[in-house]
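Let's take a friendly look at charged side chains and how they pair up. Please have the sequence and the model open as you read.

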Amino acid sequence: MNVRLTKEQKIKILNSNDIYAIMQQILMRENKIRRNQEHFWVVGLDNDHKILFIELIGLGAVNRVNTDPPDVFRMAIYKLAVKLILVHNHPSGSTSPSLGDREFTDHMLKVGKLINIGIMDHLIITETDYASFADLGIMDELKKSGLFEIMGPEKKELEQWKIDTEKKRAVKYNKLEIAKKMKAKGYDDDTIKELTGLTSSAIKKL
């Protein structure tokens, strides 16, 4: 689910505190019950480290949330992000990375390397504090870990998934260009929707 950002939140990211300031606001938008669930977000950045999107890709129990590589990287491919920052909250209030957090980050690092989308950092946040894997030196450790090297069937599967996702993106953006031209020529939204297959919300944004 794409997270709506204010104009003030669409900033250039200089450090982990910049991300935490935004993600804390997003977390605090939730009611108390939802804040007691673990959330997993992906933040996409362009070449200048400006935020392209923040997407909530997982909502789990008190101490776990399930995500996989397609969930993490799909929006990055659609939006042409070159780098990602992973963020999840710990409802317990602890910011200490678990073994599972480290292993998941390691896996995503290696997948990102394969499909040319870098993982800059992984933040664990609470309502009042955060920990940054990059600041703690964990990202550098994981890059040298030698674990989760992508090869064999998984490599072929991920490469094919990226190709398929890029094809879908190309089709979508071609439809958007067609819809823009139709709108310029005075076609009504219902007709554009029928002929392109785009959603009403996508058409209204044109």
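What follows is a short report on salt bridges and their surroundings.

This is a predicted model, in which local features need pLDDT of at least 70 and side-chain atom pairs count only at pLDDT 80 or more, while totals for chains, interfaces and linings use all residues. Residues are numbered from 1 along each chain as its sequence is written, and side-chain values use heavy atoms, with hydrogens and water left out.

Side chains of opposite charge can pair when their charged atoms come close. With a salt bridge taken as a side-chain nitrogen of Lys or Arg within 4 Å of a carboxyl oxygen of Asp or Glu, the count is eight. Among them are these:

| Salt bridge | Closest N to O distance |
|---|---|
| R102 and E141 | 2.8 Å |
| K110 and D106 | 2.6 Å |

The R102–E141 pair links distant parts of the chain, 39 residues apart: R102 sits in helix 4 (residues 99–115) and E141 in helix 5 (residues 138–143). Helices here are DSSP runs of H or I, at least four residues long, numbered from the N terminus.

K110 and D106 are four residues apart in helix 4, so about one helical turn separates them. Both of these residues are buried.

In helix 6 (residues 152–184), K180 and E177 are three residues apart, about one turn of the helix. K180 is partly exposed at 43% relative accessibility, and E177 is partly exposed at 40%.

Terms used
Helix = DSSP H or I, 4+ residues; strand = E, 2+ residues; numbered from the N terminus. Buried < 20%, exposed > 50% of the residue type's maximum accessible area, 1.4 Å probe, protein only.
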